Amino acid sequence: MRTPAVVACVLSGVVVAGLCALAVTPLLVPISETPDTVTAVTTSQPVQTPAVSSPPTPGPTPEEVIDGPVDFVNLGNGMLIPAGRPEGCAEPAYIWIGSIDGGPMHADMLGAELVDRGVREFATGEAATDSEGRPATYTVAPGDVLDIIGDRFCIYNGIALGTLNGYRSGEIQPGDVLTLDADLVTDWVSPYDD
């Protein structure tokens, strides 16, 4: 009667040992590497690994993106934004802040001219125009939000109005006068330069 018990115990031990071996094998560290093979501690059999990778393929050029399934508007300075704007915006405007070829940081207005689409919730302040009747400045009203102010004037990235006007966090206050057209800011200085 002891024979079946001994056989069962031995078989159980073999099964447990086999499961342990399967669990430990992936944890073993390679001991030698070449570009095409790795020899593992548990065997002398070479294990195939991928060859050294080639440099990444560059992404699509702006021309490829424009011709893609989604329509984009090329605003210049390498700036592409999705086409389409709310009613009343021929095309979006974009506040670009950056440097070209290592030159000084500056702000530019890219895209279409600004259009005042009218007062709306979170953009109820007063707009002032330049000598040609285009929106130039905006006086912040209580509850106004930069993104919505931008939307009112067809500015794709309205949040950039804060940076354009020297705010670090974009926390505008009622009565603040914001310049809307980046081209009117000829001496722009980053609010983050201290």
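Mentor: Arg120 is partly exposed, its relative accessible area being 21%. Keep in mind that this is a predicted model.

Trainee: Why is Arg120 called partly exposed rather than buried?

Mentor: Buried means under 20%. Arg120 has 21%, so partly exposed is the label.

Trainee: And what makes Asp151 and Arg120 a salt bridge?

Mentor: The cut-off is 4 Å between the side-chain nitrogen and the carboxyl oxygen. Here the closest N and O atoms are 3.3 Å apart, so the pair qualifies. Asp151 sits in helix H3 (residues 146-152) and Arg120 in the loop between E7 and E8, so parts 31 residues apart in sequence get tied together.

Trainee: How do you know that Arg134 and Glu113 form a salt bridge?

Mentor: Their closest N and O atoms are 3.8 Å apart, and that is within 4 Å, so the pair counts. Arg134 is in the loop between strand E8 (126-129) and strand E9 (135-139), while Glu113 is in the loop between strand E7 (106-111) and E8. The two are 21 residues apart.

Trainee: Why is Glu113 called exposed, but Arg134 partly exposed?

Mentor: Exposed means over 50%. Glu113 is at 53%, so it passes.

Trainee: What makes Glu132 exposed?

Mentor: Its relative accessible area is 60%, and the label needs over 50%. Glu132 also meets Arg134 in a salt bridge, 3.3 Å from N to O.

Trainee: Which residues are linked in a network of salt bridges?

Mentor: Glu113, Asp130, Glu132 and Arg134. Across the whole structure, the search finds six salt bridges.

Conventions: Residues are numbered from 1 along each chain as its sequence is written. This is a predicted model: local features need pLDDT of at least 70, side-chain atom pairs count only at pLDDT 80 or more; totals for chains, interfaces and linings use all residues. Side-chain values use heavy atoms; hydrogens and water are left out. Helices (H or I, at least four residues) and strands (E, at least two) are DSSP runs, numbered from the N terminus. Buried means under 20% relative accessible area, exposed over 50%, partly exposed in between (1.4 Å probe, protein chains only).
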